[in-house]
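Student: Hi! Could you help me find my way around this structure?
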Amino acid sequence: SSGINAEYGLLLSGKIHFGYIYGVALIGAASMYTLLNLMSVNGVSASITVSVLGYCMLPMCLLAAVAALLSLNGLFGIMLSIVTVSWAAFASSKLFVSVLAMYDQQPLVAYPCALMYGIFAVLTVF
């Protein structure tokens, strides 16, 4: 649902990337599902993976809403993108780590989350 909100924000700013957004979301969720199941002892279901990644996409929706109102091609856009990607990656990795009891591995979980959310930020800014 939040992916759809991000799409509407991009649509309002004149950027139509529906296929890219769905493709990145699908490949990102499948990759995170595989990675988390390889890293954890208990494993995680696909629905939890998709739910956490979608829920933590809220900062990307806010970035898309700002992009509909302002141009993000300058320093302000880069800084705002870094903040939103960091926020989304920290939130999603915190949820994954707490669900899977992998407390010492949060940076290892946050890195692929940041890569995935970074792709969404690049789609939003450019």
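This is a predicted model: local features need pLDDT of at least 70, side-chain atom pairs count only at pLDDT 80 or more; totals for chains, interfaces and linings use all residues.

Student: Which residues touch the most other members of the largest nonpolar core?
Tutor: Those are Leu36, Phe96, Val109, Tyr117 and Phe120, out of 29 residues in that core. Helices H2, H3, H4, H5 and H6 each supply at least two of the core residues.

Student: And where does the largest share come from?
Tutor: From H6, which gives eight residues.

Student: Can we zoom in on valine 109? What is it in contact with, leaving aside neighbours within four places in sequence?
Tutor: Valine 109 is in contact with Met32, Leu36, Met39, Ser93, Phe96, Val97 and Met102.

Student: New topic: H5. How many residues does it have?
Tutor: H5 has 26 residues, and from first C-alpha to last it reaches 37 Å, close to the 38 Å expected. Its buried residues include Gly77, Ala88, Phe96 and Leu100.

Student: Which helices do the buried residues of H5 pack against?
Tutor: They pack against H2, H3, H4 and H6.

Student: What about just after H5?
Tutor: Alanine 101 sits there, with a positive phi of about 55°.

Student: OK, how do the axes of H4 and H5 cross?
Tutor: They cross at roughly 160° and come within 8 Å. An angle over 145 degrees counts as roughly antiparallel, so H4 is roughly antiparallel to H5.

Student: Is that crossing left-handed or right-handed?
Tutor: The crossing of H4 and H5 is right-handed. Among the residues making the contact are Pro59, Leu63 and Val66 of H4, and Phe76, Leu80 and Trp87 of H5.

Definitions and conventions:
Residues are numbered from 1 along each chain as its sequence is written. Side-chain values use heavy atoms; hydrogens and water are left out. A nonpolar core is a set of buried Ala, Val, Leu, Ile, Met, Phe, Trp, Tyr and Cys residues joined through side-chain atoms within 4.5 Å. Buried means under 20% relative accessible area, exposed over 50%, partly exposed in between (1.4 Å probe, protein chains only). Helices (H or I, at least four residues) and strands (E, at least two) are DSSP runs, numbered from the N terminus. Contact means heavy atoms within 4.5 Å. The expected span of a helix is 1.5 Å times one less than its number of residues. Axes are lines fitted to C-alpha atoms, for helices over the stretch in contact, and angles run from 0 to 180 degrees between N-to-C directions. Angles under 35 degrees count as roughly parallel, over 145 as roughly antiparallel, 65 to 115 as roughly perpendicular and the rest as oblique. A crossing is left-handed if the near helix is turned anticlockwise from the far one by less than a right angle, and right-handed if clockwise.
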